[in-house]
Amino acid sequence: DPAGRAFVAELVARSGLTPTGWLRRLFAAVLPPLLHLMHRYGIAFNPHGENTIVVYDGADVPTRLAVKDFVDDMKLLHTDLPEYADLPAEAGGVLMRCGPDELAGSIVKSLLTCHFRFLAPLCEEQLAVPEATFWTLVREEVRRYQERFTELADRFALFDLGKPAFPRTCLNRERLLPGGYHDRAERDASFRLDADPVPNPLHDEKDPL
């Protein structure tokens with residue numbers, strides 16, 4: 001607001017929850033759907049504000065995630081999974097195929113880097129939740145999901161969310177420099193942009209995910 005109060009601070013105040021309690025509810029609403037789409041079904045997309053909406057209850061407590069408007073963001077693994085068996089040919093012909101790092105990177109880059117990276121310091125500044133605690137809460141929610149779906153252990157290893165870093169996508173340069181915007185499912189194969197990888201805030205050598 002004009003006085004510098006963050007929207008998240010207002011939501012937490014309205015909810016009646018402690019800041020860490022509210023953040024746990026946020027992460028519980030946002031992360032499991034994205035994790036399950038990727039680990040169980042081999043589907044990933046960029047979960048930014050165009051494609052996802054956080055749904056709140058009457059007390060402004062996060063309750064669930066609405067997923068919409070995929071446009072050209074949806075990605076499948078480059079090798080077929082059993083879950084792809086019933087995929088219509090029309091869909092298979094336009095969806096991008098990527099390696100596991102890029103599927104996992106969709107969550108790391110679009111959610112953790114592009115959203116949570118900015119939310120974490122706000123929570124430290126205005127809610128007295130240290131950034132280290134913020135990221136611990138995120139890791140706890142990922143771990144909670146893994147413990148709930150132990151049968152997907154091989155997928156947890158395949159889509160490794162605990163890696164030290166992920167490849168960086170410089171989207172504006174990628175779109176503008178090679179061939180401009182287009183409707184093809186494939187990116188420009190001849191275009192390569194070297195950039196430093198994105199550090200993964202969930203990486204912990206002492207307690208790997």
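**Entry 1: helix H1**

I started with H1 and looked up which of its residues are hidden: Val-8, Ala-9, Leu-11, Val-12 and Ser-15 are buried. Those residues cover an arc of only 160° around the axis, so they sit on the same side of H1. A reminder to myself before going on: this is a predicted model.

Next I turned to the opposite face. The face of H1 turned away from the buried side carries Phe-7, Ala-13 and Arg-14, which are exposed. What covers the buried residues of H1? I found that the cover includes helix H2 (19-41), E2 and H4. I also checked the backbone at the end of the helix: just after H1, Gly-16 has a positive phi of about 80°.

Side chains of opposite charge can pair when their charged atoms come close. With that in mind I went through the charged pairs, and the count comes to 10 salt bridges.

I looked at Arg-5 first. Arg-5 forms a salt bridge with Glu-10, and their closest N and O atoms are 3.2 Å apart. How accessible are the two partners? Arg-5 is partly exposed, with a relative accessible area of 36%, and Glu-10 is partly exposed too, at 26%.

Then I came back to Arg-14, from the exposed face of H1. Arg-14 forms a salt bridge with Asp-60, with 3.4 Å between the closest N and O atoms. This pair links distant parts of the chain: Arg-14 is in helix H1 (residues 7-15), while Asp-60 is in the loop between strand E2 (52-56) and strand E3 (62-67), 46 residues apart. Is Asp-60 buried or exposed? Asp-60 has a relative accessible area of 17%, so I noted it as buried. Putting these together, I see Arg-5, Glu-10, Arg-14 and Asp-60 linked in a network of salt bridges.

**Entry 2: a pair further along**

I also looked up Arg-143, whose side chain meets that of Asp-207 in a salt bridge (3.0 Å, N to O). Arg-143 lies in helix H5 (residues 131-148) and Asp-207 in the segment after strand E7 (198-199), so the pair ties together parts that are 64 residues apart in sequence. Arg-143 is partly exposed at 24% relative accessibility, and Asp-207 is partly exposed at 37%.

**Entry 3: helix H4**

Last, I went back to H4, one of the elements covering H1. Helix H4 (residues 100-127) spans only 36 Å between its end C-alpha atoms, whereas a straight helix of 28 residues would span 40 Å. Where is the kink in H4 centred? I found it centred on Phe-116, with an angle of about 45°. H4 is followed by Ala-128, whose phi is positive, near 60°.

Definitions and conventions
Residues are numbered from 1 along each chain as its sequence is written. This is a predicted model: local features need pLDDT of at least 70, side-chain atom pairs count only at pLDDT 80 or more; totals for chains, interfaces and linings use all residues. Side-chain values use heavy atoms; hydrogens and water are left out. Helices (H or I, at least four residues) and strands (E, at least two) are DSSP runs, numbered from the N terminus. The expected span of a helix is 1.5 Å times one less than its number of residues. The bend at a residue is the angle between axes fitted to the seven residues ending there and the seven starting there. A salt bridge is a side-chain nitrogen of Lys or Arg within 4 Å of a carboxyl oxygen of Asp or Glu. Buried means under 20% relative accessible area, exposed over 50%, partly exposed in between (1.4 Å probe, protein chains only). The arc is that of the directions from the helix axis to the C-beta atoms. Contact means heavy atoms within 4.5 Å.
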